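Subject: Structure for you to look at

Hello,

Here is the structure I said I would pass on. My notes on it follow below.

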Amino acid sequence: VYKRLEEFSAFVEDLKVLGAKKLYPALGNGSVNHVSIRILQLILLKIALLLGTEVRSEATYTSILEPDDDHGWRVVTVKEREESREEEFDVVIGATGRSVLLEGFGRKSLDAKLAIAITANFVNTKTAEERAVQEIPALSKQYDQDFFKTLKTEKGIVLENIVYYKDLTHYFVMTPSKDTLVNHKVIIDDDLDRDDLLKENNVNRKALEKFAVKAATVSTKLHSKQLPSPTFASWKGKN
């Protein structure tokens, strides 16, 4: 966690060199050198546009044609109510995460130890009470044993690490143990394999929200002052 924080701090400095502070003056002003995913996406999009990148929203990738003697990589996309579009490129990058959309390109992943992450965003009304709550700059069970021991003994919450910072929202990311989520009735069937364990039909969303609020309030209270009355921020009609 700490190594990742050092890398991210360097990344934020790179953003500043690119002129990100001109686009978003609040970058890096908090006690934790951070930037939210939403703001990061907006900054990178604006920089890309300034550099002349063409961005097409609502366009769907359909296929890719390999190079031949006369052409480079050709990508076919389609937009609603428009004809398909074929374009030629020197390089094609598929940044699709777990789902590989490029036919013929495989995906390899390490069979690593199971790690479950929870992110939670609460409304930031920027009251004096909220401002008094200190950010949590990546506490890790390995290094901050007293904090996590108290969290476990007093509230039955077992976490590997937790980060909290304030921006447009009160943002928390934490990695709870599987057993903790089972005990708090977040995971319905704990016998499923890792690919099915966190599918929507195996997660009790109300219990998940209750757990996230509990973890956020207790953690902030242990670290400085308790975050008062956290209310979930809404995205696409959901908490």
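After α3 comes Gly52, which has a positive phi near 95°. This is a predicted model, in which local features need pLDDT of at least 70 and side-chain atom pairs count only at pLDDT 80 or more, while totals for chains, interfaces and linings use all residues. Numbering starts from 1 along each chain as its sequence is written, and side-chain values use heavy atoms, with hydrogens and water left out.

Helices (H or I, at least four residues) and strands (E, at least two) are DSSP runs, numbered from the N terminus. Helix α3 covers residues 37–50; at 1.5 Å a residue its 14 residues should span 20 Å, and the end C-alpha atoms are 20 Å apart, which agrees. The expected span is 1.5 Å times one less than the number of residues.

Ile39, Leu40, Ile43 and Ile47 of α3 are buried (under 20% relative accessible area, 1.4 Å probe, protein chains only). Seen down the axis of α3, the buried residues fall within an arc of 105°, so they line one face of the helix; the arc is that of the directions from the helix axis to the C-beta atoms. Ile37, Arg38 and Gln41, on the other side of α3, are exposed (over 50%).

The three strands form an open sheet in the order β1-β2-β3, paired antiparallel; two strands pair if DSSP finds at least two bridges between them. β1 (59–65) and β3 (85–89) are the edge strands, each pairing on one side only. Strand β2 (residues 73–79) is joined to β3 by five bridges, and Trp73 stands opposite Phe89 in β3.

Regards
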